[in-house]
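This briefing concerns the structure shown below. The points are grouped by topic for reference alongside the coordinates.

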Amino acid sequence: MVTLALSKGRILEESIPLLERAGIVPEEDLAKTRRLIVGTSIPGVRLVVIRAADVPTYVRYGAADLGIAGRDVLLEDGGEGLYELADLGIATCRLMVASPIDEMAREGARSWTRLRVATKYVRITERYLAAQGIQADIIHLYGSMELAPLVGLADRIVDLVSSGRTLAANGLKPIEHVLDVSAWLVANRAAMKMKYEALRPVIACLAGSEGNER
Ligand code: PRT
Ligand code: MG
């Protein structure tokens, strides 16, 4: 049995056509079903649909042999025990530092001395700021980072941007590019040794010949 872990949400939307092109057709409509384990048209290949941030954990522990996860999630996780097999080129966006468009207007309300950066990506942000020699307090949030500067929680945010509309709608602008993000195919290291014959066709189907195997 080969288990492939998929991220719910936007990666799933873009993974379904990729799977179907690869000839791996889910037995149920993944967008509608409430089942978390779904068989496919390929005997012995099943899908598990989980939260994006949980994909590295399932694959690391071998609960899934393969997974599809954003580069943002993989870097934040650290990727221990995983092979990053191929950039699938889907669910692309950029991780950006953003600040209020009208930063000066807000400056009077600021009572803290160090720069405050709100993000879900604490590890990536720590590394990014350290590389720039910037001292900052990182405030860990689980979502809606765009709100933080508006209510005086932080000076800046580090968040994913695709069209830029969410930033603009909240009076924010992107100021620095941290990382280009897309979804990657990852594998459990032990499974790549023990189950390689079973995994190989699935990997080949998904990554194609143009996949950047590493
Ligand atoms: O729902 P859950 O809390 O489990 O996770 P999640 O909300 O992070 O999942 P989801 O479905 O949003 O998928 C997250 C994954 O999709 C990320 O890890 C990325 O790899 C990928 N991805 C690609 C994105 C975006 N593009 C994206 N634009 N994830 C989130 N966004 C958000 C962004 O955070 C911001 O709120 O979309 C908004 C910006 O979009 P624009 O178009 O207004 O700029
Ligand atoms: Mg979500």
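Helix α1 comprises 12 residues, and its first and last C-alpha atoms lie 18 Å apart, close to the 16 Å expected at 1.5 Å a residue. The model is a predicted one. Within α1, the buried residues are Ile11, Leu12, Ser15, Leu18 and Leu19. Viewed down the axis of α1, these buried residues fall within an arc of 120 degrees, so they line one face of the helix.

- An α-helix has 3.6 residues a turn, so residues three or four places apart point the same way.
- Pro17, Glu20 and Arg21 are exposed residues on the face of α1 that is turned away from its buried side.
- The cover over the buried residues of α1 includes the strands β1 (2–7), β3 (45–50), β4 (66–70), β5 and β9 (172–188), together with helix α8 (196–207).

**The shell around ligand 1**

- Ligand 1 is surrounded by 20 residues, of which the closest are Gly9, Gly70, Cys93, Ser163 and Thr166.
- At least two residues of this shell come from each of α1 (10–21), α3 (71–77), β5 (82–100), β8 (156–161) and α6 (165–169).
- The element that gives the most to the shell is β8, with 3 residues.
- Classified by residue type, the shell around ligand 1 contains 8 nonpolar, 6 polar and 6 charged residues.

- In β1, 6 of the 6 residues are buried, so the strand is largely enclosed by the rest of the structure.
- In a regular strand the side chains alternate between the two faces of the sheet.
- Val2, Leu4 and Leu6 point one way from β1, while Thr3, Ala5 and Ser7 point the other way; all of these residues are buried.
- β1 and β3 run parallel and are joined by 6 bridges.
- Ile68 is the bridge partner of Leu6 in β4.

**Ile175 in strand β9**

- Which strand contains Ile175? This residue is found in β9.
- Is Ile175 buried or exposed? Ile175 has 11 other C-beta atoms within 10 Å, and a residue counts as exposed at 12 or fewer, so Ile175 is exposed.
- Apart from neighbours within four places in sequence, Ile175 is in contact with Val97, Ala98 and Ser99.
- Ile175 and Arg156 are 19 residues apart along the chain, and their C-alpha atoms are separated by 9.5 Å.

**Overall architecture**

- The protein contains 8 helices and 9 strands.
- The C-alpha trace of the protein spans about 65 × 35 × 30 Å along its principal axes.
- Of the 214 residues in the protein, 35% are buried.
- Among contacts with a separation of 6 or more, 65% are between residues 24 or more positions apart.

Notes: Residues are numbered from 1 along each chain as its sequence is written. Chains are lettered from A and ligands numbered from 1 in the order in which they are written. This is a predicted model: local features need pLDDT of at least 70, side-chain atom pairs count only at pLDDT 80 or more; totals for chains, interfaces and linings use all residues. Helices (H or I, at least four residues) and strands (E, at least two) are DSSP runs, numbered from the N terminus. A residue is buried if 20 or more other C-beta atoms lie within 10 Å of its own, exposed if 12 or fewer, and partly exposed in between; C-beta atoms are placed from the backbone. Two residues are in contact if their C-beta atoms, placed from the backbone, lie within 7 Å. A residue is near a molecule or strand if its C-beta atom, placed from the backbone, lies within 6 Å of it. Ala, Val, Leu, Ile, Met, Phe, Trp, Tyr, Cys and Pro count as nonpolar, Asp, Glu, Lys and Arg as charged, and the others, Gly among them, as polar. The expected span of a helix is 1.5 Å times one less than its number of residues. The arc is that of the directions from the helix axis to the C-beta atoms. Two strands pair if DSSP finds at least two bridges between them.
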